[in-house]
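I opened a new page for this structure. My notes follow in the order I looked things up.

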Amino acid sequence: MSDAAQPTAAEVRAAAEAVKTALDRHLAAVERRSGEDDPAVYEAFNELAAAAEEYDELLYDRYDEVTPFEIPGSDDALPPYTGPEEPNALSVLIRRDYAVVEPQRLLAQAQRVEAVEESGAVTAGFDAASGTVHGALGVLFGEFEPDEIASRHKEFGLEEGDSTLWVTASDEPADPGEWLEAPFDQTDTHQVVCRFDVSAVFDDDADDGIDDLDDIEDEVPDTVGPELEGTLDATEAEADIEDLRSRNADR
């Protein structure tokens, strides 16, 4: 940055004073908060975040220094809730990302489902939808609830990625079909009651629970693999699927 474009020392000092003022206002809002989702606290938080970011930028531009603190989430923070106090309807919006890390395991699981549904399709060589990865995904997500796939993703050859869950409130249920094409796009963020995000960005915070989850999953032996293709009749396949469901319910 050229000298002409650099902020003045006075501008940096003014930005620092703005941070102090915003910090006092945030503390006062927290002390006076009327509830967990007090809009005054949200507003004060966002003002503090904006003031801190401005000061950090000016400090760096002028002195090539940075602040030792960071206020996360200022851009992604939910706005103050303005929805109904006693909602008559809820919408739960969920997105979960997966990577297909074991395609053969995915195919084998889908083929076993088709074997049961098509009454003897094993002998047909699984030439139906389960013969391709995208077809197998359609079979499995059509057979199992998304929550079950989330809890058993390793059995299906999947690896979890980021996920988000939003709960929104409204006075009336949405008209059938009106939001199906773009469920998140039409969401009024002012009616989001709560939001939960899981991301690799937060891995450092989530590591404590991962080992316990892995221990639980390791206790359940893998019973599906590419070696099973074409080896089960419909009765055996149905029994195996019921066994998997039973063990999942026990966990």
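**Cores.** Which residues make up the largest nonpolar core? I listed Leu106, Leu107, Ala110, Val113, Ala136, Val139, Leu140, Phe144, Ile149, Phe156 and Leu158, 11 residues in all. I took a nonpolar core as a set of buried Ala, Val, Leu, Ile, Met, Phe, Trp, Tyr and Cys residues joined through side-chain atoms within 4.5 Å. The most comes from α3, with 4 residues. I then found another core apart from it, of 10 residues, including Val12, Val19, Tyr55 and Leu59.

**Ground rules.** This is a predicted model, where local features need pLDDT of at least 70, side-chain atom pairs count only at pLDDT 80 or more, and totals for chains, interfaces and linings use all residues. Residues are numbered from 1 along each chain as its sequence is written, and side-chain values use heavy atoms, with hydrogens and water left out.

**Overall plan.** I looked up the secondary structure and got 7 helices and 3 strands. Helices (H or I, at least four residues) and strands (E, at least two) are DSSP runs, numbered from the N terminus. Along the sequence I read α-α-β-α-α-α-β-β-α-α. The chain has 251 residues, and 29% of them are buried. For me, buried means under 20% relative accessible area, exposed means over 50%, and partly exposed lies in between (1.4 Å probe, protein chains only).

**Salt bridges.** How many salt bridges does a search of the whole structure find? I noted 7. Each is a side-chain nitrogen of Lys or Arg within 4 Å of a carboxyl oxygen of Asp or Glu.

I began with Glu17 and Lys20, whose side chains meet at 3.2 Å, N to O. Both sit in helix α1 (residues 9–31), 3 residues apart, about one turn of the helix. Glu17 is partly exposed at 38% relative accessibility. Lys20 is also partly exposed, at 44%.

Next I checked Asp97, which has a salt bridge with Arg95 at 2.9 Å, N to O. Asp97 is partly exposed, with a relative accessible area of 29%.

Then I turned to Arg96 and Asp147, a salt bridge with its closest N and O atoms 2.7 Å apart. Arg96 lies in strand β1 (residues 89–100) and Asp147 in helix α5, so this pair ties together parts 51 residues apart in sequence. Arg96 is partly exposed at 28%. I also recorded a network: salt bridges that share partners join Glu148, Arg152 and Glu155.

**Pro146.** I found Pro146 in helix α5 (residues 146–151). It is partly exposed, with a relative accessible area of 41%.

**A charged patch.** Which residues form a negative surface patch? I wrote down Glu11, Glu53, Glu54 and Glu57. Patches are made of residues with over 30% relative accessible area and no salt bridge; like charges are joined within 9 Å, nonpolar side chains (Val, Leu, Ile, Met, Phe, Trp, Tyr) within 5 Å. Helix α2 (residues 39–63) gives the largest share of the negative patch, 3 residues. Glu54 is in helix α2. Glu54 is partly exposed, at 40% relative accessible area.

Terms used
Accessible areas come from the Shrake-Rupley method with a 1.4 Å probe; for residues, only the protein chains shown count as cover. Lys and Arg count as positive and Asp and Glu as negative; His and the chain ends are not counted. The place of a charge is taken as NZ of Lys, CZ of Arg, CG of Asp or CD of Glu.
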